[in-house]
Amino acid sequence: MTVDSDLRQAKQPVSGALAGPYGHPFHPILVTVPIGAWVCSLVFDIASKIVDRPGFLTHGSAWLIAIGVLGALAAASVGLLDLFAIPTGTPAFRTALVHMALNLAVTAAYAAGFAWRQGDGYAGGQSVGNGQLTLSAVALAALGVSGYLGGKLAYRYGVRVAAESVQAEGYRSTRTTP
């Protein structure tokens, strides 16, 4: 394969119905669910250390983690379809494998954190434990690294991004000159 054909292949969806149409993949919009849920869960964890009655924050944080895990599984399913469009043996493919591995590790860490919290019974209305807070913070930091790699895939390598000729349509003037 040539670089041009590899690039064209990486821009096309493997399955349009599941992965999203050309130039508008579903993976980037789905990742907002786990990212938002997990950031909020960390905010709740920290807040549980500050307020007088932290039970509602500890409980809410656990459920935000669960929502994030479910959202991550949805994002991973379409992200895997995007991975299949990237030619193997390329820097983009290697970056995508590291991105995927980090995301799987982060999701597993949050799933374990959720189970840990369930086992503690939300600590009887107490603030979140230091170990659980640390696990969430480290997992969120790893998610940030993975997000950087995801951005590199889209913005540097153009994975699932429309070709420049298609993008140019958005910059053609619709005004007529007198």
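**Figure 1. Two aromatic pairs occur in this predicted model.** One of them joins Trp 38 and Tyr 110. Their rings are stacked, with centres 4.1 Å apart and planes at 10°. Trp 38 belongs to helix H4, and Tyr 110 to helix H6 (residues 91-120), so the pair ties together parts 72 residues apart in sequence. Both Trp 38 and Tyr 110 are buried.

**Figure 2. Trp 63 and Phe 114 pair edge-to-face.**

**Figure 3. The largest nonpolar core has 16 residues.** Trp 38, Ile 65, Val 106, Tyr 110 and Leu 140 have the most contacts inside this core. Helices H4, H5, H6 and H7 (130-156) each give two or more residues to the core. H5 supplies the largest share, five residues. In soluble globular proteins, nonpolar side chains tend to be buried together.

**Figure 4. The surroundings of Tyr 110.** Neighbours within four places in sequence are left aside here. Tyr 110 then contacts Trp 38, Ser 41, Ile 65, Val 69, Ser 136, Ala 139 and Leu 140. Of these partners, Trp 38 is the one that forms the stacked aromatic pair with Tyr 110.

**Figure 5. Another core, of seven residues, lies apart from the largest one.** Its members include Ile 86, Ala 92, Phe 93 and Ala 96.

**Figure 6. Ala 142 of helix H7.** Ala 142 touches Leu 102 and Val 106, not counting residues up to four places away in sequence. Leu 102 is 40 residues from Ala 142 along the chain, yet their C-alpha atoms are separated by 6.9 Å. Val 106 is also among the residues with the most contacts inside the largest nonpolar core. Ala 142 has 23% relative accessibility, so this residue counts as partly exposed.

**Figure 7. Confidence along the protein.** The mean pLDDT is 87, and 83% of the residues score at least 70. Helix H4 (residues 32-48) has the highest confidence, at a mean of 97. Helix H2 (residues 16-19) has the lowest, at a mean of 60. Where pLDDT is low, the predicted coordinates should not be read in detail.

Conventions. Residues are numbered from 1 along each chain as its sequence is written. This is a predicted model: local features need pLDDT of at least 70, side-chain atom pairs count only at pLDDT 80 or more; totals for chains, interfaces and linings use all residues. Side-chain values use heavy atoms; hydrogens and water are left out. pLDDT is the predictor's confidence in each residue, from 0 to 100. Helices (H or I, at least four residues) and strands (E, at least two) are DSSP runs, numbered from the N terminus. Rings of Phe, Tyr and Trp (its six-membered ring) pair if their centres lie within 6.5 Å; planes under 30 degrees apart count as stacked, over 60 as edge-to-face and the rest as tilted. Buried means under 20% relative accessible area, exposed over 50%, partly exposed in between (1.4 Å probe, protein chains only). A nonpolar core is a set of buried Ala, Val, Leu, Ile, Met, Phe, Trp, Tyr and Cys residues joined through side-chain atoms within 4.5 Å. Contact means heavy atoms within 4.5 Å.
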